[in-house]
Amino acid sequence: MEISDVDIFRYVLVFLWVVYLWETYLSYRQRTIYRNATKVPKELENVLDQETFEKARLYQLDKSNFGFWSNIYSQIESTVILLIGGLPWLWSVAGRLMDRYNYGSEYEITQSIVFTLLATIFSTITSLPWSIYSTFVIEEKHGFNKQTLGFFLKDQVKKLVVMQCIALPITASLIYIIKVGGDYFFIYVWLFTLVVSLLLITIYADYIAPLFDKFTPLPEGDLRSKIEELAASINFPLKKLYVVDGSKRSSHSNAYFYGFYKNKRIVLFDTLLQDYVAPKDDKKDDKTDNDEEQKKNEEEEGKEEESNEEKKKKKQGCNNEEVLAVLSHELGHWKLNHNLKNLVIGQINTFLCFMMFALLMNRKELFTAFGFTTQPTLIGLLIIFQFIFSPYNEVLSFCMTALSRKFEFQADDFAKTLHRANKLKSALIKLNKDNLGFPISDWLYSTWHFSHPPLIERLNALENKSD
Ligand SMILES: [Zn+2]
């Protein structure tokens with residue numbers, strides 16, 4: 001079958017807009033619910049007060065309206081970039097930059113790195129106003145934001161630098177392997193990505209996450225010994241138990257576990273714990289390089305005291321028994337090998353994608369469709385993975401979302417077998433309140449987007465086989 005470059009370009013543009021219109025339609029359905037559902041649903045009348053419900057409604061409505069505008073913006077931005085040939089232009093800018101230092105186009109990997117850097121800088125700058133608005137207007141207005149602008153900007157720069165230090169060497173190696181790998185390069189590429197992802201999971205906890213947040217071991221006490229007891233009772237190899245200062249960023253709360261084989265760690269957000277007070281003297285260990293930082297720390301401490309007071313008033317977080325119920329759910333994910341299953345699916349997917357990539361990468365029309373006269377490997381990866389595979393990516397992400405909901409129900413069931421269904425129910429209700437989750441959702445919207453089942457469905461499932 002003969003497919004011209006014009007056809008390919010049209011297909012990509014049309015599909016980009018099909019996805020956009022579909023998402024916009026779904027969000028519209030959900031927004032209509034935020035606008036019209038002004039009464040606490042019957043099932044929750046006894047556990048959710050009208051005031052919290054109304055606060056959640058307004059918060060979600062603001063977020064949804066914001067999403068509407070930011071999606072329009074990014075849709076127009078991507079369309080314009082494709083139409084005016086932004087990608088080949090940026091590629092040639094990277095080439096000209098290298099010319100200045102006497103590197104010709106034979107240095108394809110170097111040019112790919114420069115191109116990636118330029119593209120990252122561009123997207124960081126264009127997305128910055130949106131994330132500033134989201135954090136300092138919307139989250140702030142609804143009482144979630146705990147960051148100062150200084151902290152936020154420093155955090156963004158740090159994220160950018162760390163991400164590039166990781167992504168650029170990986171990109172360079174990937175291109176190299178594809179270039180020298182011969183006919184079966186996709187097997188080597190797949191092995192490479194497998195090793196890299198295992199390596200990243202291993203070093204992330206010890207070397208990357210601490211760059212951004214402070215992890216403090218959970219102090220000895222009732223909660224700690226009960227968690228250790230719980231872990232021991234189901235043979236969970238708990239090595240370390242941390243509290244992370246999520247409250248420095250926002251008052252949304254969470255808990256998770258990670259680590260390989262017999263080296264598991266549990267991390268609790270301080271915002272999850274009702275009675276947790278951060279050890280005070282910790283702050284003094286922080287290196288303060290200059291006055292500005294000192295000032296920022298003081299500001300932050302000021303903020304923290306405020307939020308502690310607020311916490312007392314609102315009583316955010318869960319009590320010990322509820323925290324244990326939440327952890328039982330998390331440990332359910334471990335017992336049922338959910339992470340491993342996700343990893344295996346991810347690996348099979350990567351393998352298939354690179355195999356398809358191997359079949360397509362030498363088709364000249366894919367490159368001319370986007371205005372390229374040469375066929376750089378990085379551009380091939382970008383075009384094929386992002387644009388050509390996008391229908392497949394949409395279907396895959398839908399299936400993974402559905403699978404995730406199934407896993408959530410299974411993990412809830414596991415907590416139930418540990419006789420923690422009732423505490424889990426009250427924890428879910430509290431967390432939903434603390435995070436201003438809205439308990440009503442459009443069925444189509446939630447089917448497409450929700451990685452966790454809606455609150456009422458989870459409560460009902462817990463009810464049915466309650467202990
Ligand atoms: Zn879960």
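Author: A residue is called buried at under 20% relative accessible area, exposed at over 50%, and partly exposed in between, using a 1.4 Å probe and protein chains only. This is a predicted model, in which local features need pLDDT of at least 70 and side-chain atom pairs count only at pLDDT 80 or more, while totals for chains, interfaces and linings use all residues. Residues are numbered from 1 along each chain as its sequence is written, and side-chain values use heavy atoms, with hydrogens and water left out.

Reader: Is Pro454 buried or exposed?

Author: Pro454 has a relative accessible area of 12%, so Pro454 is buried.

Reader: Where is Pro454 found, and which residues does Pro454 touch?

Author: Helices are DSSP runs of H or I with at least four residues, numbered from the N terminus. Pro454 sits in the loop between helix 16 (443-449) and helix 17 (455-464). A contact means heavy atoms within 4.5 Å. Not counting residues up to four places away in sequence, Pro454 touches Ser441 and Ser446. The C-alpha atoms of Pro454 and Trp443 are separated by 9.5 Å, and the two residues are 11 apart along the chain.

Reader: Which residues of the largest nonpolar core touch the most other members?

Author: A nonpolar core is a set of buried Ala, Val, Leu, Ile, Met, Phe, Trp, Tyr and Cys residues joined through side-chain atoms within 4.5 Å. The largest one here has 39 residues, and Leu82, Phe115, Ile178, Phe357, Phe370 and Ile388 touch the most other members. Helix 13 (377-388) is one of the helices that each supply at least two residues of this core, and helix 13 gives the most, 7 residues. Apart from this core lies another, of 26 residues, among them Leu223, Phe236, Ile266 and Leu331.

Reader: Which residues form the nonpolar patch on the surface?

Author: Patches are made of residues with over 30% relative accessible area and no salt bridge; nonpolar side chains (Val, Leu, Ile, Met, Phe, Trp, Tyr) are joined within 5 Å, like charges within 9 Å. A salt bridge is a side-chain nitrogen of Lys or Arg within 4 Å of a carboxyl oxygen of Asp or Glu. The nonpolar patch here consists of Trp17, Leu21, Ile76, Val80, Leu83 and Ile84, with about 590 Å² of accessible area together, by the Shrake-Rupley method with a 1.4 Å probe. Helix 2 provides the largest share, 3 residues. Ile76 lies in helix 2 and is partly exposed, at 45% relative accessibility.

Reader: Where does pLDDT stay under 50?

Author: pLDDT is the predictor's confidence in each residue, from 0 to 100. The value stays under 50 over residues 282-313, whereas the protein averages 88.
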